[in-house]
Amino acid sequence: MRKPTLLKTLWLMALPVVDIAAPRLAVAADDSFAHARQRMVAEQLTAPGRDITNAQVLTAMGKVPRHEFVPEGLRSLAYQDRPLPIGHDQTISQPYIVAFMTEQLEPRPTDCVLEIGTGSGYQAAVLADLVAQVYTIEIIKDLAEGAASNLRRLGYTNVHVRAGDGYKGWPEAAPFDAIIVTCAPEKVPQPLVEQLKNGGRMIIPVGSTWNQELVLLRKHGDKLDRHAVLPVRFVPMTRQSQEPELSKPKSEQADQPSL
Ligand code: SAH
């Protein structure tokens with residue numbers, strides 16, 4: 001048998017180095033965001049005055065790659081203490097608000113949760129780490145499609161996204177252990193109350209554009225316990241009926257299937 005030439009020998013020696021170098025680069029790139037994410041948890045969530053204490057919520061916030069849910073040009077700002085634009089005049093909420101609302105819901109691993117206002121899909125991803133199933137509805141079709149494909153790409157298999165008017169909830173998947181609303185209606189939508197399990201929790205901003213309270217509701221039979229927990233400012237809940245193309249015959253107004 002012929003001996004390998006010097007060139008071939010060098011090539012074979014070089015191969016493993018190439019193999020190892022590529023993944024290392026990927027890990028190094030991801031690590032820079034991991035550091036920013038851990039700082040976000042320490043400085044914005046557990047710091048005095050913020051006081052998020054639920055260990056599972058903190059773990060999820062330290063794990064979900066928020067930079068994957070913001071437009072590419074804003075990735076370097078993804079772990080800052082602020083909401084960011086996601087297009088269509090909408091925003092991804094401030095990390096603290098996402099953590100606060102999630103903690104208020106007292107998520108459990110067996111829960112089935114409904115979110116109204118998918119936006120980027122980030123809040124849904126945080127919930128997906130904590131509960132069994134997440135159903136989420138977004139009224140802007142482009143955002144719903146973007147969030148669904150992003151969540152799929154990132155490997156979230158327990159999030160179901162639908163484009164439509166969340167005011168009406170998701171009756172086919174009801175009842176829910178918990179409901180989180182990330183846009184503000186003037187009043188708590190009755191269909192959402194009906195789709196909440198007995199003993200279920202709902203966190204929802206309620207009020208006008210300039211004067212909203214985050215309200216925590218607990219359903220006990222036909223009674224609702226209600227506590228205002230934080231003054232907030234979310235985008236208003238809009239209604240599909242305001243969109244011109246929906247003056248279609250009733251038969252064409254059926255709810256969209258999940259994406
Ligand atoms: N939870 C999102 C942020 C939501 S911003 C995130 O993690 O990124 C609020 C979203 O609610 C917007 O995308 C807005 O389009 C949506 N929205 C407003 N009215 C709605 C309605 N009636 N049904 C469903 N979504 C609605």
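Reply: Strand 4 (residues 133-138) is largely enclosed by the rest of the structure, because five of its six residues are buried. Buried means that 20 or more other C-beta atoms lie within 10 Å of a residue's own; exposed means 12 or fewer, partly exposed lies in between, and C-beta atoms are placed from the backbone. Strands (E, at least two residues) and helices (H or I, at least four) are DSSP runs, numbered from the N terminus. This is a predicted model: local features need pLDDT of at least 70, side-chain atom pairs count only at pLDDT 80 or more, and totals for chains, interfaces and linings use all residues. Residues are numbered from 1 along each chain as its sequence is written.

Now the partners. Strand 3 (residues 112-116) pairs with strand 4 in the parallel sense, over five bridges. Two strands pair if DSSP finds at least two bridges between them. Val113 has Val134 of strand 4 as its bridge partner. Strand 4 also runs parallel to strand 5 (residues 159-163), and five bridges join them. Here Glu138 stands opposite Ala163 of strand 5.

From strand 4 the chain crosses through helix 5 (residues 141-153) to strand 5, a right-handed β-α-β crossover. Right-handed means that, with the strands pointing away from the viewer, the path from the first strand over the helix to the second runs clockwise. Strand 3, helix 4 (residues 122-128) and strand 4 also form a right-handed β-α-β unit.

Then the ligand. It is surrounded by 24 residues, and the closest are Gly117, Gly119, Ser120, Gln123 and Gly166. A residue is near a molecule if its C-beta atom, placed from the backbone, lies within 6 Å of it. Strand 4, helix 4 and strand 2 (90-92) are the elements that give two or more residues to this shell. Strand 2 gives the most, with three. By type, the shell holds 11 nonpolar, 10 polar and three charged residues. Ala, Val, Leu, Ile, Met, Phe, Trp, Tyr, Cys and Pro count as nonpolar, Asp, Glu, Lys and Arg as charged, and the others, Gly among them, as polar.

Helix 3 (residues 95-104) is mostly covered, with seven of its 10 residues buried. Among them are Phe100 and Met101. Just after helix 3, Glu106 takes a positive phi of about 45°.

Finally, the whole protein. It has six helices and nine strands. Of its 259 residues, 35% count as buried.
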